[in-house]
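This briefing is meant to be read beside the sequence and the structure. Please keep both in view while going through the points.

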Amino acid sequence: MQPLHLNKLARLAIIASCIVMLTACVARQKIALDYQAAPAAAVSQANSVSVQVQEQRPYVLDGDKEPSYIGKYRGGFGNPFDVKTQGEIPLSDVLERDLRAELASKGFATSADESADRDLQVSIIDWNFDAFINGTFNYNLQVSVHADDSLLGEQTFSDSVVIDGSFWTGPKAAFEREMPKIY
């Protein structure tokens, strides 16, 4: 059996094909968070809540990333590709929309103005993942509830969640499956 000898042009074509296959599969990716609120309960005007979500991620505020940025996949050579929300809607708008839907499903009237009984304020300090084969999703949300200019309570929700991908499919399938559950 003769050894296989490839000329330089054939080797270059094979290498270029591999690079395209390894990187094209992760470019321009989006993840739909797919939140669905339970059916709405009877709304009581006595339980009105204004909802404001503020973008506080430093990499968004300084312009490094767009407000719709939620993380990054890495291609075959570790090169990063940004992942955004479905429709490239700012993450703060997605969270605010879904919080309003959840509160409405629990019987609260929601608004964006100051006339509500309670003010729910959420600051997005971090919301980011980095995935090659496996990935880590980090989030940090600071939540506070106010009434009549008084702080009623505040809580920080943060975690670092490892999401296992696969050598064959990479992180994409795992993140599209797990992110909505975490959300």
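Predicted model: local features only at pLDDT ≥ 70, side-chain atom pairs only at ≥ 80, totals over all residues.

Residues are numbered from 1 along each chain as its sequence is written, and side-chain values use heavy atoms, with hydrogens and water left out.

**Overall make-up**

- The chain has 4 helices and 8 strands, where helices (H or I, at least four residues) and strands (E, at least two) are DSSP runs numbered from the N terminus.
- Along the sequence these elements follow the pattern α-β-β-α-β-β-α-β-β-β-β-α.
- Of the 183 residues of the chain, 34% count as buried; buried means under 20% relative accessible area, exposed over 50%, and partly exposed in between, with a 1.4 Å probe and protein chains only.
- The chain exposes about 11,000 Å², of which carbon and sulfur atoms supply 56%, the areas coming from the Shrake-Rupley method with a 1.4 Å probe and, for residues, with only the protein chains shown counting as cover.
- Among contacts (heavy atoms within 4.5 Å) between residues at least 6 apart in sequence, 63% join residues at least 24 apart.

- As general background, nonpolar side chains tend to be buried together in soluble globular proteins.
- In helix 4 (residues 172-182), the buried residues are Ala-174, Phe-175 and Met-179. These residues lie on the same side of helix 4 because they cover an arc of only 110° around the axis, the arc being that of the directions from the helix axis to the C-beta atoms.
- Tyr-183 is placed in the segment after helix 4 and counts as partly exposed, at 23% relative accessibility. Tyr-183 and Leu-95 are 88 residues apart in sequence, yet their C-alpha atoms are 9.5 Å apart in space.

**Aromatic pairs**

- The whole structure contains 5 aromatic pairs; rings of Phe, Tyr and Trp (its six-membered ring) pair if their centres lie within 6.5 Å, and planes under 30 degrees apart count as stacked, over 60 as edge-to-face and the rest as tilted.
- Tyr-59 and Tyr-69 form an edge-to-face pair, because their ring centres are 5.9 Å apart and their planes stand at 80°. This pair links distant parts of the chain, with Tyr-59 in helix 2 (residues 58-61) and Tyr-69 in strand 3, 10 residues apart, and both Tyr-59 and Tyr-69 are buried.
- Trp-127 and Phe-137 are also paired edge-to-face, at 5.2 Å centre to centre with 70° between the planes. Trp-127 belongs to strand 6 and Phe-137 to strand 7, 10 residues apart, and both Trp-127 and Phe-137 are buried.

**Salt bridges**

- The whole structure contains 8 salt bridges, each defined as a side-chain nitrogen of Lys or Arg within 4 Å of a carboxyl oxygen of Asp or Glu.
- Asp-82 and Lys-65 meet in a salt bridge of 2.9 Å, N to O. Asp-82 lies in strand 4 (residues 80-85) and Lys-65 in the loop between helix 2 and strand 3, so the pair ties together parts that are 17 residues apart in sequence. Asp-82 is partly exposed, with a relative accessible area of 31%, and Lys-65 is partly exposed at 24%.
- Glu-88 and Lys-84 form a salt bridge of 4.0 Å, N to O; Glu-88 is partly exposed at 30% relative accessible area, whereas Lys-84 is buried at 12%.
- Glu-102 and Lys-106 form a salt bridge whose closest N and O atoms are 3.5 Å apart; Glu-102 is partly exposed, with a relative accessible area of 27%, and Lys-106 counts as exposed at 54%.
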